[in-house]
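Here is a short report on the model shown below. It starts with the annotated spans and the overall fold, then turns to the interface.

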2 protein chains.
Amino acid sequence: MSNYTPPLRDMQFVIEEWLAAPDDWAGWEAHSALDAELAAQVLVEAAKFAQHELAPLNASGDQQGCRFDNGVVSTPAGFPESYRLFVEGGWPSLCCAEEDGGQGLPQLLNVAMLEMLASANHAWAMYPGIAQGAYECLSESAPAWIRERYLPEIVSGEALPTMCLTEPQAGTDIGLIRTKAEPQPDGSCRLRGNKIFISGGEQDMTDDILHLVLARLPEAPPGPRGLSLFLVPKWLDREGGRERNEVYCTGIEHKMGIRGSATCSLSFEGATGWLLGEPHAGLKAMFVMMNSARLHVGLQGLGHAEKALQLATGYAAERRQMRAASRPQGVAAAAVDPIGYHAPVRHSLLELRACTEGMRALGYWTGHMLDTLHQVGEEEAAGLRRRVALLTPVIKAFFSEQGFRLSSNALQVFGGYGYMQECGIEQTLRDSRIVMIYEGTNEVQANDLLLRKVMADGGEGLRDLLALVRQEAELATADRPRFARQLSAVCDTVEEAVGLLLDSQDSEYPFRAAGNFLRLLALLLMAYAWARSARVAEGRDDDFHRQKRQTAAFFFDYVLPEYRHRADMIRAAQAPLPFV
Amino acid sequence: MSNYTPPLRDMQFVIEEWLAAPDDWAGWEAHSALDAELAAQVLVEAAKFAQHELAPLNASGDQQGCRFDNGVVSTPAGFPESYRLFVEGGWPSLCCAEEDGGQGLPQLLNVAMLEMLASANHAWAMYPGIAQGAYECLSESAPAWIRERYLPEIVSGEALPTMCLTEPQAGTDIGLIRTKAEPQPDGSCRLRGNKIFISGGEQDMTDDILHLVLARLPEAPPGPRGLSLFLVPKWLDREGGRERNEVYCTGIEHKMGIRGSATCSLSFEGATGWLLGEPHAGLKAMFVMMNSARLHVGLQGLGHAEKALQLATGYAAERRQMRAASRPQGVAAAAVDPIGYHAPVRHSLLELRACTEGMRALGYWTGHMLDTLHQVGEEEAAGLRRRVALLTPVIKAFFSEQGFRLSSNALQVFGGYGYMQECGIEQTLRDSRIVMIYEGTNEVQANDLLLRKVMADGGEGLRDLLALVRQEAELATADRPRFARQLSAVCDTVEEAVGLLLDSQDSEYPFRAAGNFLRLLALLLMAYAWARSARVAEGRDDDFHRQKRQTAAFFFDYVLPEYRHRADMIRAAQAPLPFV
C-alpha cells in the first residue's frame with residue numbers, strides 16, 4: 001500500500017516554469033539531447049519506483065527494523081529486492097559522467113529523485129544516499145587505479161559507499177578522531193580504530209561496501225588538519241579471488257526513527273585502505289561529499305514535508321467534526337464540516353503547502369545552479385559557487401527543521417489518530433527528527449553560514465543574493481506591490497542585521513545570533529521563491545496557477561512576518577548569555 | 001536505574017517563597033495542621049517513589065509496551081507492583097476529603113506529585129491520572145448509594161476510573177457520540193456502543209475499573225446537549241458475589257509513545273450503568289473532571305520539560321567537543337570545552353530552565369488558587385474561579401507545546417546520541433507529543449481561551465489578570481526597571497490585541513488568531529512568573545537565588561521578545577485564509 005503520490009505537477013512547474021531549465025539544457029552541449037519531455041519521462045519513472053516499490057515498504061521497514069547477528073546485518077524484508085530494481089533501473093548512474101558509464105543527466109533530476117525517495121522511504125533512501133557524493137569525491141581525489149577499479153561499481157550501484165567520520169568521542173568535533181592509518185610497503189595503509197553511527201556500514205543489499213574513512217597518518221598534526229581520507233573496501237582483491245578486509249560491524253543502533261536504515265558501529269582491525277587525495281588533506285577531499293550530502297539531507301526535509309502535506313490534506317478532506325466558522329464559497333452550511341474548513345487546520349494545511357512548495361523551488365534551484373556552474377565561464381561559475389555555498393547550510397538546516405516541525409503540525413491535524421502507528425504520520429515525525437542532527441547539526445550549519453559564508457567576506461557574497469532578491473522585488477512592483485514592499489523590507493532587515501553583526505566588538509555575538517540569522521535568511525529565500533512563483537504563475541487562469549498565486553499570498557500574509565521576529569532576536573542576542 | 005531527580009529545591013521555592021503557601025495554610029481551618037515542614041516531607045516521600053520506583057520502569061515500560069490477549073491487557077513488568085506501592089503509600093487519597101477516607105491535603109501538593117510522576121514515567125502516570133478528577137466528579141454528581149459504594153474504592157486506589165468520551169467518529173466533536181443508554185426498571189441503564197482511545201480501559205493494576213461514560217438516553221436531543229454521564233463498573237455486585245459487566249476491551253493501540261499506557265477500544269454490549277447527575281447534562285457533570293484533567297495534562301508538559309532539562313544539562317556538562325568562543329569566568333582556556341559552554345547549547349539549556357521553572361510557578365499557582373477558592377468568601381472565590389478558568393487552557397496548551405518543543409531542543413543537545421533509544425531523551429520526545437492532542441487539542445484550548453474565556457465577557461476576566469501583572473510591574477519599577485517596562489509593554493500589547501479582536505466584524509477572525517493569542521497570553525503569564533520570581537529572590541545571596549535572578553534576566557532578554565511576534569501574527573490573521 002502506498003500513501004504517497006509524487007508531486008510531479010509541482011516538480012514540472014519548478015523545472016519548466018520557475019527555472020525554465022529546459023531552455024538552459026538546450027544551450028549546453030552536455031545536455032543538449034535533454035528536453036522537457038525526456039526529463040518528465042525520467043521523473044515519471046522515478047516516481048513509479050518511489051510510489052510503488054519504496055513507499056509500500058516504509059511502514060513495514062520501520063516495524064521490522066534491521067537485525068544484527070554476529071557481524072551480519074539484515075535489512076527489512078523487501079529492501080534488498082527493491083535495491084536490485086533500483087540498480088536495474090539504472091538510477092545510481094543518473095548523474096554520473098558518461099565516460100564512467102553514467103547517464104550524464106543533470107543534478108536537477110537527481111535532486112527531484114532524491115526528494116521522492118525520501119518521501120517514499122527515508123530509511124531505504126539512506127543506503128544509496130551518499131553514492132553520488134562518493135562518486136564525486138573519488139572522481140576528484142582517488143588515484144587512477146582506484147577510479148578504474150571502483151568507480152564503475154559505484155556508478156552501476158553494484159557497491160555502496162559509506163562515510164566513516166564519527167567516533168564515540170568525535171562527533172561535531174572531527175578533530176578528535178583517533179583512528180590510525182599505518183602506511184605499508186605496498187602503498188596501502190592499515191587502519192585501526194572504531195567508528196560509530198555509520199549508515200549502511202554493513203548491509204545485505206550489495207556484495208561490496210566501500211568505506212570512506214577519516215583517519216590519522218603517523219605524525220599527523222592534531223586536530224582536523226591532521227586527518228586523511230582513505231578508501232577501505234569490505235572485500236580485498238586477491239589473485240584468483242578475494243579476501244574479507246579487516247573491518248567488522250560490531251553492532252547496530254536502536255533509534256527513534258529511520259529504523260530500516262542500519263546505523264552501524266565499525267571496528268577497523270588493521271583493515272587495508274588507500275589514501276585518497278593528499279596526506280592530512282582528508283577534509284578537503286571529504287568536502288566535495290559533504291556539500292552534496294548537505295543538499296541531499298535538506299531534500300529529505302523537503303521529502304518529509306511533502307509526505308506530511310499529503311497525509312494531512314487527505315485526512316482533513318475526509319474527516320468531519322464540528323460546524324466550521326466559514327466554508328468555501330458555494331458550499332452549503334452543514335451540521336458537521338470537513339476539518340479542513342476549520343481555521344487552524346486550514347492554516348496548517350496552507351503552511352504545509354507554502355513551505356513545501358517554497359522549499360522545492362529553492363532546493364531545485366540549487367541543483368540547477370550546480371549544473372549551470374559547469375557550463376558557464378569561470379567568473380559566472382565562481383559567483384554561482386559562492387551562492388550555492390551560501391544556500392547549502394540554509395537548505396540543510398531550514399529544510400530539516402521544517403520537515404520536523406511541519407510533520408508535527410500534520411500529526412496534529414489527525415488528532416488522536418495521528419499518534420497511532422497505523423496512520424503513518426508519527427513515523428514521518430520520528431524519521432524526520434534525525435535530519436536536524438546528521439551531516440553537521442543545524443547549529444553547525446548556522447555557524448557555517450554566518451561566520452564563514454557571510455561575515456568572512458564582509459557580507460560580499462550575501463550582497464549578490466540580496467541584489468537578486470531586490471531585482472525580483474522590482475519585477476513585482478507593478479502587479480504585486482505588496483510583495484515588492486515586503487521583499488525590500490526583508491532585504492533591508494537582513495542588511496541591518498549583518499551590519500550589526502559586523503560592527504560588534506563582541507566575538508561571541510555571532511554565535512549567539514547564528515540560529516536566528518539562518519532562519520532570517522531562509523525566510524528571505526522563501527519570499528524570493530514565492531515572489532518568483534507568483535510572477536511565473538501570473539496570467540495563467542487554470543486551477544494550478546491560481547492556487548500558486550493564492551499560496552504566494554498566504555506566504556506573504558502568514559509566514560513571512562516571522563522575519564521581523566528573527567531580526568528582533570538577533571538584536572536581543574546582544575545581551576550576554578550566562579553560563580549555567 | 002533512575003535518570004530523574006525530583007527538583008525538590010525549586011518546588012520548595014515555588015511553594016514556600018513564590019506562593020508563600022504555608023502562610024495561607026496556617027490561616028485556613030482545613031489545612032491548619034499543615035506547615036512547610038510537613039509539606040516538604042510529603043514531597044520528599046513522593047519524590048522517592050517517583051525517582052526510585054517509577055523512573056526505573058520508564059524505558060523498560062516503553063520497550064515492552066502493553067500486551068493484549070483475548071480481552072485481557074497486561075501492562076509492562078513492574079507496573080502493577082509499583083501501583084500497589086503507590087496505593088500502600090496512600091497517594092491516591094492525598095487530596096480527597098477526610099470524610100471519604102482521604103488525607104485532606106491541598107491540591108498544591110497533588111500538583112507537585114503529578115509533575116514528578118509525569119517526569120518519572122508518563123505512561124505509568126496515566127493509570128491513576130484521572131482518579132482525582134473522577135473523585136471530584138462523583139462527589140458532586142453521583143447519587144448517595146454510588147458515592148458510598150464507589151468513592152472509598154477511588155480514594156483507596158483499589159479501583160481506577162476511566163473517562164470514556166471518544167468514539168471513532170467523535171473526537172473533538174463529542175456531539176457526534178452515538179453510544180446509547182437504555183433505562184431499566186431497576187433504575188439502571190443498559191449501554192451499547194464503541195469507545196476508542198480509552199486510557200487504562202483495561203489493565204492489570206486494579207481489580208475493578210470504573211468507567212465514566214458519555215452516552216445518549218432515548219429521545220435525547222442531538223449534539224452535545226443530549227449527552228448524559230454514566231458510571232459503568234467492570235464488575236457488578238450480585239448477591240453472594242459479583243458478575244462481569246458487559247463491557248469488553250477489544251484491542252489496544254500501537255502508539256508513538258506512552259507505550260506502557262494501555263490505550264483501549266471498549267465495546268459496551270448492554271453494560272449496566274447508572275446515571276450521574278441530570279439526564280442530558282453529562283457535559284456539566286464531566287466538566288469538573290475535564291478541568292482537573294487539563295491542569296493535570298499541563299503538568300505532564302512541565303514534567304517532560306523538567307526531565308529534558310535534567311538530561312540535557314547532565315550531558316552538556318560531561319560531553320566535550322570543540323573550543324568554545326567563551327567560557328565561565330575563571331575557567332582556563334582548553335583545546336576542547338564542555339559543550340555546555342558553546343552559545344547555542346547554553347541558550348538551549350537556559351531556555352529549558354527558564355521555561356520549566358516559569359511553568360512550574362504558573363502550574364503551582366493554579367493549584368494553590370484551587371485550594372484558596374474553597375477557603376475564601378464567595379466574591380473572592382468567583383474571581384479566583386474566573387482566573388483559573390482563564391489559566392487552564394493556557395496551561396494545557398502552552399505547557400504541552402513547550403514539553404514537546406523543549407524535549408526536541410534537549411535531544412538536539414545530545415547530537416546523534418539523542419536519536420538513540422538508550423539515551424532516553426527520544427522517549428521523552430515521543431511521550432510528550434500526545435499531550436498536545438488529548439484532553440482537547442491545543443487548537444480547542446486556544447478557541448476556548450479566546451472565545452469563551454476572553455471575548456465572551458468583553459475582556460472583563462482578562463482585565464483582572466492584567467491588573468495583577470501591572471501591579472507586579474509596579475513592584476519591579478525601582479529595582480528592576482527593565483522588567484517593569486517590558487511587563488507593561490506586554491500588558492499594553494495584550495490589550496491592543498483584545499481590542500482588535502473585539503472590534504472586528506469578521507466572525508472568523510478570532511479563530512484565525514486564537515493560537516497566537518494563547519501563546520501571547522502564555523508569554524505574559526511567564527513574564528509575570530519570572531518578575532515575581534526575581535522579586536522574591538531579591539537580596540538573597542546564595543547560588544540558588546542568584547541563579548533565579550540570572551534566569552529571570554535571560555527570560556526577559558531572550559524568551560519574552562516572542563510576544564511582539566505573536567501580536568504581529570494576530571494582526572496578520574486579519575488577512576483572509578483561503579480554502580485549499
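## Annotated spans and fold

In chain A, residues 472-575 carry the UniProt annotation "domain: Acetyl-CoA dehydrogenase-like C-terminal", taken from an unreviewed entry. The model itself is predicted.

The table sets out the two spans.

| Span of chain A | Helix | Strand | Distance between end C-alpha atoms |
|---|---|---|---|
| Residues 44-158 | 62% helix | 5% strand | 24 Å |
| Residues 472-575 | 82% helix | 0% strand | 35 Å |

Now the whole chain. Chain A holds 18 helices and 11 strands. Its radius of gyration is 24 Å, close to the 25 Å that the globule rule gives for 580 residues, so chain A is as compact as a globular protein of that length. Along the principal axes, the C-alpha atoms of chain A fill a box of roughly 80 × 60 × 55 Å.

## The interface of chain B and chain A

How many residues does each chain bring to the contact? Chain A brings 77 residues and chain B brings 76 residues. The area buried between the two chains is about 7,000 Å². Carbon and sulfur atoms give 63% of that area. On the chain B side, three residues stand out: B:Tyr419, B:Tyr558 and B:Phe579. Together they supply 13% of the area that chain B buries against chain A, more than any other three residues.

Polar links also cross the interface. Between chain B and chain A, 48 residue pairs are in polar contact, with both residues at pLDDT 80 or more. The salt-bridge rule finds four salt bridges across the interface. One salt bridge joins the side chains of A:Arg564 and B:Asp568, at 2.9 Å from N to O.

Which elements of chain B supply at least two residues each of the side that touches chain A? One strand is listed, strand 5 (189-199). The helices are helix 10 (343-372), helix 11 (378-413), helix 12 (425-433), helix 13 (442-455), helix 16 (509-537), helix 17 (543-559) and helix 18 (562-572). Helix 10 of chain B gives the most, with seven residues.

By class, the side of chain B that touches chain A has 38 nonpolar residues. It also has 21 charged and 17 polar residues.

Conventions:
Residues are numbered from 1 along each chain as its sequence is written. Chains are lettered from A and ligands numbered from 1 in the order in which they are written. This is a predicted model: local features need pLDDT of at least 70, side-chain atom pairs count only at pLDDT 80 or more; totals for chains, interfaces and linings use all residues. Side-chain values use heavy atoms; hydrogens and water are left out. Contact means heavy atoms within 4.5 Å. Buried area is the accessible area (1.4 Å probe) that two parts lose on being put together, summed over both. A polar contact is a pair of N or O atoms within 3.5 Å; within protein, one must be able to donate a hydrogen and the other to accept it, and residues adjacent in sequence count only if both atoms are side-chain atoms. Helices (H or I, at least four residues) and strands (E, at least two) are DSSP runs, numbered from the N terminus. Ala, Val, Leu, Ile, Met, Phe, Trp, Tyr, Cys and Pro count as nonpolar, Asp, Glu, Lys and Arg as charged, and the others, Gly among them, as polar. UniProt positions are given in the numbering used here, feature names are shortened, and annotations may be inferred rather than shown by experiment. The radius of gyration is taken over C-alpha atoms; the globule rule is 2.2 Å times the number of residues to the power 0.38.
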